[in-house]
Amino acid sequence: SGNLKEFPSHLKVLHVRQEVPCDDRKVVQFVSECDEEFKFLQEEEERMYDLLEDEDADIDFDPQERLEKIEQRRRDIGVDTAQARATHIVMGLGFTKEMREKKTQDLSGGWRCR
């Protein structure tokens, strides 16, 4: 499977993208939105509310019960502290307060990769 004779078997080589997408989101917002489970829960919550409003929806589960489970999971993973955790992460990467307020599109490529 692509083994190299002279390469130590206990090491792994990973490729890291050198550019990341940038837009008008601020750094902390960008980092906090990288949480895939949080995004999934948000989308699932919206879907459940849509189902509750759709009187003709043909479903075999209780959307209200699913909403309660979603809310419990959100509490379990600390959604309320996501912003603070994202700020802590970017501070640990060396972002100053001024840099944290910038839009990702206004950062150099090196800072975006961090």
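What pattern does the protein chain follow, read along the sequence? It runs α-α-α-α-α-α. This is a predicted model, so keep that in mind throughout. The count for the protein chain is 6 helices and 0 strands.

Now the overall shape. The radius of gyration of the protein chain is 20 Å. The globule rule gives 13 Å for 114 residues, and 20 Å is well over that, so the chain is more spread out than a compact globule. Along its principal axes, the C-alpha trace spans about 60 × 45 × 25 Å.

How much of the chain is buried? Of the 114 residues, 23% count as buried. Next, the contacts between residues at least 6 apart in sequence. Of these, 60% join residues at least 24 apart.

Let's zoom in on one helix pair. Helix α2 covers residues 36–53, and helix α3 covers residues 63–76. They pack at an angle of about 160 degrees. Their axes are 9 Å apart. Angles over 145 degrees count as roughly antiparallel, and α2 and α3 are therefore roughly antiparallel to each other. Their crossing is left-handed.

Who makes the contact? From α2, the residues include Phe 38, Leu 41, Met 48, Tyr 49, Leu 51 and Leu 52. Glu 37, Glu 44, Glu 45 and Arg 47 of α2 take part too, as does Gln 42. On the α3 side, look for Pro 63, Gln 64, Leu 67 and Ile 70, along with Arg 66, Glu 71, Arg 73 and Arg 74.

Notes:
Residues are numbered from 1 along each chain as its sequence is written. This is a predicted model: local features need pLDDT of at least 70, side-chain atom pairs count only at pLDDT 80 or more; totals for chains, interfaces and linings use all residues. Side-chain values use heavy atoms; hydrogens and water are left out. Axes are lines fitted to C-alpha atoms, for helices over the stretch in contact, and angles run from 0 to 180 degrees between N-to-C directions. Helices (H or I, at least four residues) and strands (E, at least two) are DSSP runs, numbered from the N terminus. Angles under 35 degrees count as roughly parallel, over 145 as roughly antiparallel, 65 to 115 as roughly perpendicular and the rest as oblique. A crossing is left-handed if the near helix is turned anticlockwise from the far one by less than a right angle, and right-handed if clockwise. Contact means heavy atoms within 4.5 Å. The radius of gyration is taken over C-alpha atoms; the globule rule is 2.2 Å times the number of residues to the power 0.38. Buried means under 20% relative accessible area, exposed over 50%, partly exposed in between (1.4 Å probe, protein chains only).
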